[in-house]
Amino acid sequence: MKQFLLAPSILSADFARLGEDTAKALAAGGDVVHFDVMDNHYVPNLTMGPMVLKALRDYGITAPIDVHLMVKPVDELIPAFAKAGASYITFHPEASQHVDRTLQLIKEHGCKAGLVFNPATPLSYLDYVMDKLDIILLMSVNPGFGGQSFIPGTLDKLRQARRLIDQSGYDIRLEVDGGVKIDNIGQIAAAGADMFVAGSAIFGHPDYKKVIDAMRSELEKVNGSFH
Ligand SMILES: O=C(CO)[C@@H](O)[C@H](O)COP(=O)(O)O
(Lines give C-alpha, C1' and ligand atoms only; values in the text may rest on other atoms or scores of the structure.)
Protein backbone atom coordinates (compact mmCIF):
# COMPACT_ATOMS: atom_id res chain seq x y z
CA MET A 1 0.00 0.00 0.00
CA LYS A 2 1.14 3.52 -0.73
CA GLN A 3 1.79 5.75 2.25
CA PHE A 4 0.13 9.14 1.86
CA LEU A 5 1.16 12.09 4.02
CA LEU A 6 -1.11 14.95 5.04
CA ALA A 7 0.58 18.25 5.79
CA PRO A 8 -1.57 20.93 7.46
CA SER A 9 -0.38 24.35 6.27
CA ILE A 10 -0.08 26.56 9.32
CA LEU A 11 -0.39 29.64 7.11
CA SER A 12 -4.11 29.25 7.87
CA ALA A 13 -3.62 28.54 11.59
CA ASP A 14 -4.32 31.02 14.37
CA PHE A 15 -1.00 32.93 14.56
CA ALA A 16 -1.87 34.25 18.02
CA ARG A 17 -1.78 30.67 19.35
CA LEU A 18 0.42 28.99 16.79
CA GLY A 19 1.93 26.27 18.98
CA GLU A 20 -1.43 25.16 20.30
CA ASP A 21 -3.14 25.24 16.91
CA THR A 22 -0.28 23.33 15.23
CA ALA A 23 -0.38 20.67 17.96
CA LYS A 24 -4.14 20.43 17.50
CA ALA A 25 -3.79 19.75 13.75
CA LEU A 26 -1.20 17.05 14.46
CA ALA A 27 -3.32 15.47 17.17
CA ALA A 28 -6.18 15.42 14.66
CA GLY A 29 -4.07 13.25 12.34
CA GLY A 30 -1.72 15.57 10.40
CA ASP A 31 1.60 13.90 9.59
CA VAL A 32 3.83 16.84 8.71
CA VAL A 33 3.70 20.57 9.49
CA HIS A 34 3.79 22.68 6.33
CA PHE A 35 5.59 25.96 7.11
CA ASP A 36 5.27 28.73 4.50
CA VAL A 37 8.00 31.34 4.43
CA MET A 38 7.11 34.45 2.41
CA ASP A 39 9.37 37.49 2.02
CA ASN A 40 7.17 40.16 0.41
CA HIS A 41 9.63 40.13 -2.51
CA TYR A 42 9.45 36.75 -4.24
CA VAL A 43 5.75 36.65 -3.25
CA PRO A 44 3.48 39.52 -2.18
CA ASN A 45 3.07 38.47 1.44
CA LEU A 46 5.16 38.29 4.60
CA THR A 47 5.01 35.43 7.07
CA MET A 48 7.35 33.49 9.35
CA GLY A 49 11.08 33.07 9.83
CA PRO A 50 13.42 30.66 11.63
CA MET A 51 12.61 32.12 15.07
CA VAL A 52 8.99 31.07 14.69
CA LEU A 53 10.03 27.57 13.66
CA LYS A 54 12.32 27.32 16.68
CA ALA A 55 9.47 28.50 18.89
CA LEU A 56 7.33 25.62 17.58
CA ARG A 57 10.11 23.14 18.37
CA ASP A 58 10.50 24.68 21.83
CA TYR A 59 6.75 24.39 22.32
CA GLY A 60 7.11 20.63 21.79
CA ILE A 61 6.25 20.06 18.13
CA THR A 62 8.25 16.96 17.18
CA ALA A 63 6.59 16.09 13.84
CA PRO A 64 8.57 16.72 10.65
CA ILE A 65 8.43 20.37 9.57
CA ASP A 66 8.30 21.01 5.85
CA VAL A 67 9.69 24.50 5.16
CA HIS A 68 8.53 25.97 1.87
CA LEU A 69 10.77 28.92 1.05
CA MET A 70 9.03 31.54 -1.08
CA VAL A 71 12.01 33.85 -0.87
CA LYS A 72 14.65 35.34 -3.11
CA PRO A 73 17.59 35.02 -2.62
CA VAL A 74 17.38 31.54 -1.10
CA ASP A 75 20.74 30.37 0.25
CA GLU A 76 21.19 32.86 3.08
CA LEU A 77 18.21 31.47 5.02
CA ILE A 78 19.04 27.77 4.81
CA PRO A 79 21.49 27.46 7.74
CA ALA A 80 19.11 29.32 10.06
CA PHE A 81 16.11 27.16 9.16
CA ALA A 82 18.14 23.97 9.51
CA LYS A 83 19.40 25.08 12.92
CA ALA A 84 15.88 26.01 14.01
CA GLY A 85 14.68 22.45 13.35
CA ALA A 86 13.48 22.17 9.74
CA SER A 87 13.11 18.63 8.40
CA TYR A 88 12.49 19.39 4.72
CA ILE A 89 13.50 22.59 2.95
CA THR A 90 12.04 23.30 -0.48
CA PHE A 91 12.64 26.31 -2.72
CA HIS A 92 11.66 27.66 -6.13
CA PRO A 93 14.40 26.94 -8.68
CA GLU A 94 13.96 30.26 -10.50
CA ALA A 95 14.63 32.07 -7.19
CA SER A 96 18.04 30.43 -6.77
CA GLN A 97 21.09 31.48 -8.74
CA HIS A 98 22.61 27.99 -8.53
CA VAL A 99 20.01 25.29 -8.06
CA ASP A 100 22.46 22.42 -7.62
CA ARG A 101 24.46 24.38 -5.05
CA THR A 102 21.32 25.27 -3.08
CA LEU A 103 20.24 21.62 -3.01
CA GLN A 104 23.68 20.62 -1.76
CA LEU A 105 23.59 23.33 0.89
CA ILE A 106 20.28 21.99 2.25
CA LYS A 107 21.70 18.45 2.42
CA GLU A 108 24.93 19.63 4.05
CA HIS A 109 22.78 21.14 6.77
CA GLY A 110 21.10 17.79 7.42
CA CYS A 111 17.69 18.45 5.87
CA LYS A 112 15.78 16.77 3.07
CA ALA A 113 15.73 18.90 -0.07
CA GLY A 114 13.17 19.70 -2.71
CA LEU A 115 12.16 21.93 -5.59
CA VAL A 116 8.86 23.78 -5.87
CA PHE A 117 7.13 24.48 -9.15
CA ASN A 118 4.65 27.32 -9.63
CA PRO A 119 1.74 26.59 -11.97
CA ALA A 120 3.64 28.07 -14.94
CA THR A 121 7.14 26.84 -14.04
CA PRO A 122 8.31 24.05 -16.36
CA LEU A 123 9.37 20.68 -14.97
CA SER A 124 12.56 20.92 -17.05
CA TYR A 125 14.23 22.35 -13.94
CA LEU A 126 14.27 18.72 -12.79
CA ASP A 127 16.78 17.76 -15.47
CA TYR A 128 20.15 16.87 -13.96
CA VAL A 129 19.10 17.15 -10.28
CA MET A 130 16.78 14.20 -9.69
CA ASP A 131 19.50 12.42 -7.74
CA LYS A 132 19.59 15.27 -5.21
CA LEU A 133 15.86 15.47 -4.52
CA ASP A 134 13.81 14.04 -1.67
CA ILE A 135 10.68 15.92 -2.63
CA ILE A 136 9.05 17.67 -5.57
CA LEU A 137 6.33 20.16 -4.70
CA LEU A 138 3.84 21.24 -7.34
CA MET A 139 1.94 24.42 -6.54
CA SER A 140 -1.68 24.12 -7.56
CA VAL A 141 -2.25 27.83 -6.91
CA ASN A 142 0.00 30.82 -7.45
CA PRO A 143 2.03 31.19 -4.26
CA GLY A 144 1.42 33.89 -1.67
CA PHE A 145 -1.94 33.22 -0.06
CA GLY A 146 -4.06 30.46 1.40
CA GLY A 147 -7.68 29.92 0.43
CA GLN A 148 -7.31 29.96 -3.37
CA SER A 149 -8.89 27.47 -5.79
CA PHE A 150 -7.05 24.44 -7.13
CA ILE A 151 -5.83 25.01 -10.71
CA PRO A 152 -7.08 21.96 -12.69
CA GLY A 153 -4.07 21.89 -15.08
CA THR A 154 -2.01 20.72 -12.09
CA LEU A 155 -3.44 17.22 -12.55
CA ASP A 156 -1.63 16.75 -15.87
CA LYS A 157 1.54 18.21 -14.42
CA LEU A 158 1.30 15.77 -11.51
CA ARG A 159 0.99 12.86 -13.93
CA GLN A 160 4.12 14.10 -15.76
CA ALA A 161 6.05 14.52 -12.51
CA ARG A 162 4.95 11.06 -11.34
CA ARG A 163 6.25 9.55 -14.60
CA LEU A 164 9.60 11.32 -14.20
CA ILE A 165 9.94 10.12 -10.60
CA ASP A 166 9.05 6.54 -11.48
CA GLN A 167 11.44 6.54 -14.45
CA SER A 168 14.25 7.94 -12.29
CA GLY A 169 14.01 5.10 -9.78
CA TYR A 170 14.71 7.56 -6.93
CA ASP A 171 12.67 7.69 -3.75
CA ILE A 172 11.11 11.16 -4.18
CA ARG A 173 7.90 12.40 -2.60
CA LEU A 174 5.43 14.20 -4.87
CA GLU A 175 3.73 16.95 -2.88
CA VAL A 176 0.89 19.20 -3.94
CA ASP A 177 -0.05 22.53 -2.40
CA GLY A 178 -3.02 24.84 -2.93
CA GLY A 179 -6.76 24.38 -2.90
CA VAL A 180 -6.60 20.77 -1.64
CA LYS A 181 -10.01 19.82 -0.23
CA ILE A 182 -11.97 16.71 0.72
CA ASP A 183 -13.72 16.69 -2.64
CA ASN A 184 -10.60 16.84 -4.85
CA ILE A 185 -7.93 15.02 -2.84
CA GLY A 186 -8.81 11.63 -4.36
CA GLN A 187 -8.42 12.94 -7.89
CA ILE A 188 -5.11 14.58 -6.94
CA ALA A 189 -3.82 11.32 -5.45
CA ALA A 190 -4.92 9.37 -8.52
CA ALA A 191 -2.82 11.77 -10.61
CA GLY A 192 0.26 10.71 -8.64
CA ALA A 193 0.65 12.93 -5.57
CA ASP A 194 1.56 11.25 -2.28
CA MET A 195 1.87 14.25 0.03
CA PHE A 196 -0.91 16.80 0.42
CA VAL A 197 -0.74 20.28 1.89
CA ALA A 198 -4.04 21.63 3.16
CA GLY A 199 -4.44 24.95 4.91
CA SER A 200 -7.88 26.53 4.81
CA ALA A 201 -9.63 23.16 4.43
CA ILE A 202 -8.32 22.08 7.85
CA PHE A 203 -7.88 25.30 9.84
CA GLY A 204 -11.03 26.85 8.41
CA HIS A 205 -13.15 24.03 9.78
CA PRO A 206 -14.22 23.81 13.44
CA ASP A 207 -13.33 20.10 13.62
CA TYR A 208 -9.84 19.40 12.20
CA LYS A 209 -10.15 15.65 12.81
CA LYS A 210 -13.34 15.44 10.83
CA VAL A 211 -11.64 17.00 7.79
CA ILE A 212 -8.48 14.91 8.10
CA ASP A 213 -10.45 11.69 8.57
CA ALA A 214 -12.57 12.53 5.52
CA MET A 215 -9.43 13.23 3.47
CA ARG A 216 -7.90 9.92 4.57
CA SER A 217 -11.00 8.01 3.64
CA GLU A 218 -10.88 9.57 0.14
CA LEU A 219 -7.21 8.54 -0.06
CA GLU A 220 -8.02 5.00 1.01
CA LYS A 221 -10.37 4.67 -1.95
CA VAL A 222 -7.49 5.63 -4.26
CA ASN A 223 -5.00 3.43 -2.46
CA GLY A 224 -6.92 0.36 -3.54
CA SER A 225 -6.14 1.23 -7.14
CA PHE A 226 -2.34 1.42 -6.59
CA HIS A 227 -0.35 -1.76 -7.11
O1 LIG B 1 2.05 28.02 -0.05
C2 LIG B 1 0.87 28.22 0.03
C3 LIG B 1 0.31 29.42 -0.58
O4 LIG B 1 1.33 30.11 -1.19
C5 LIG B 1 0.01 27.20 0.65
O6 LIG B 1 0.72 26.32 1.54
C7 LIG B 1 -1.27 27.58 1.28
O8 LIG B 1 -1.15 27.70 2.67
C9 LIG B 1 -2.30 26.54 0.98
O10 LIG B 1 -3.49 26.96 1.52
P11 LIG B 1 -4.88 26.37 1.04
O12 LIG B 1 -4.97 26.58 -0.45
O13 LIG B 1 -4.86 24.91 1.39
O14 LIG B 1 -5.84 27.16 1.82
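Which residue lies over the face of Tyr208? The close-ups below give the answer, along with other views of this predicted model.

**Figure 1. Lys24 and the ring of Tyr208.**
Lys24 is the residue that lies over the face of Tyr208. The distance to the ring centre is 4.4 Å.

**Figure 2. Confidence in the model.**
The structure shown here is predicted. The protein chain averages a pLDDT of 97. Of the residues, 97% score at least 70. The model also has an ipTM of 0.98 and a pTM of 0.97.

**Figure 3. Phe35 and Phe81, an aromatic pair.**
The structure holds three aromatic pairs. One of them joins Phe35 and Phe81 in an edge-to-face arrangement. Where do the two partners sit? Phe35 belongs to strand β2 (residues 33-38), while Phe81 belongs to helix α3 (residues 78-84). The pair therefore ties together parts that are 46 residues apart in sequence.

**Figure 4. Phe203 and Tyr208, another aromatic pair.**
Phe203 and Tyr208 also pair edge-to-face. Here the centres are 5.2 Å apart, with 70° between the planes. Both residues are buried. Tyr208 is the ring from Figure 1, with Lys24 over its face.

**Figure 5. Strand β1 beside strand β8.**
Strand β1 covers residues 5-8. Which way do its side chains point? Leu5 and Ala7 point one way, and Leu6 and Pro8 point the other way. In a regular strand, side chains alternate between the two faces of the sheet. All four of these residues, Leu5, Leu6, Ala7 and Pro8, are buried. Next, look at the partner strand. β1 and β8 (residues 195-198) run parallel, and four bridges join them. Leu5 has Met195 as its bridge partner in β8.

**Figure 6. Glu218 in helix α8.**
Helix α8 spans residues 208-223 and includes Glu218. Is Glu218 buried or partly exposed? Its relative accessible area is 23%, so Glu218 counts as partly exposed. Which residues does Glu218 touch, leaving aside neighbours within four places in sequence? The contacts are Ile182, Ile185 and Gly186. Now compare Pro206. Glu218 and Pro206 are twelve residues apart in sequence. In space, the C-alpha to C-alpha distance between Glu218 and Pro206 is 20 Å.

Conventions
Residues numbered from 1 in each chain as written. Predicted model: local features only at pLDDT ≥ 70, side-chain atom pairs only at ≥ 80, totals over all residues. Heavy atoms only, no water. pLDDT = per-residue confidence, 0-100. Helix = DSSP H or I, 4+ residues; strand = E, 2+ residues; numbered from the N terminus. Buried < 20%, exposed > 50% of the residue type's maximum accessible area, 1.4 Å probe, protein only. Contact = heavy atoms within 4.5 Å. Pairing = 2+ DSSP bridges. Phe/Tyr/Trp six-rings, centres within 6.5 Å; stacked < 30°, edge-to-face > 60°. Lys NZ or Arg CZ within 6 Å of the ring centre and 35° of its normal.
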